[in-house]
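Please open the model in your viewer and keep the selection panel at hand. The stops below are meant to be followed in order.

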Amino acid sequence: MNIINQPTANEYIERIRREVPETDIYNLLAEEASELSQAALKMCRIGSETNPTDKTDAQIRSNLIEEFTDVMNIAVRILDLEPDWFIGDYKLYRWCRRLDEAKEEKSA
């Protein structure tokens, strides 16, 4: 695979934005997000004795990275979405709070 230089990538981005209807871009984002979900689920099967996979750890991880890249490429580069790190920080806090609550319930 050849790596394209940034000016060429920017030209591709602008062309896609001009030629592909926004609805189609969102449809593709949803499709790629679904594929990312499937790749994450496949990661859960690594080492499973009840639902094994014939793929190697490296193959599964490579696919996960590819699908993540597809989602990010569309969301960040084509749709120009930016993460809201304030929301992200809050969700990390909430996650840790739930972990603490689960530990408290277990020790009670």
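What follows is a tour by selection, with what is there at each stop.

This is a predicted model, in which local features need pLDDT of at least 70 and side-chain atom pairs count only at pLDDT 80 or more, while totals for chains, interfaces and linings use all residues. Residues are numbered from 1 along each chain as its sequence is written, and side-chain values use heavy atoms, with hydrogens and water left out.

**Helix α2**

Select residues 22–44, which make up helix α2; helices here are DSSP runs of H or I with at least four residues, numbered from the N terminus. The expected span of a helix is 1.5 Å times one less than its number of residues, so the 23 residues of α2 should span 33 Å, and the end C-alpha atoms, being 33 Å apart, agree with that. Within this selection, colour Ile 25, Leu 29, Glu 32 and Ala 39, which are the buried residues of α2; buried means under 20% relative accessible area, exposed means over 50%, and partly exposed lies in between, with a 1.4 Å probe and protein chains only.

**The largest nonpolar core**

Next, select Ile 13, Ile 25, Leu 29, Val 71, Ile 74, Ala 75, Ile 78 and Leu 79, the 8 residues of the largest nonpolar core. Such a core is a set of buried Ala, Val, Leu, Ile, Met, Phe, Trp, Tyr and Cys residues joined through side-chain atoms within 4.5 Å. Helices α2 and α3 (57–78) each supply at least two residues of this core, and α3 gives the most, with 4 residues. In soluble globular proteins, nonpolar side chains tend to be buried together.

Now centre the view on Ile 78. Which residues is Ile 78 in contact with, leaving aside its neighbours within four places in sequence? They are Ile 13, Ile 16, Arg 17, Ile 25 and Asn 73, where contact means heavy atoms within 4.5 Å.

**Helix α1 and its surface**

From there, move to Ile 16, which lies in helix α1 (residues 6–19) and is partly exposed, with a relative accessible area of 34%.

**Helix α4**

Finally, select residues 85–107, helix α4, where Arg 97 forms a salt bridge with Glu 101, the closest N and O atoms being 3.8 Å apart. By this rule the count comes to 3 salt bridges. Lys 103 in α4 is exposed, with a relative accessible area of 60%. A distance drawn from Lys 103 to Ile 78, C-alpha to C-alpha, is 42 Å, although the two are 25 residues apart in sequence.

Methods: Salt bridge = Lys/Arg side-chain N within 4 Å of Asp/Glu carboxyl O.
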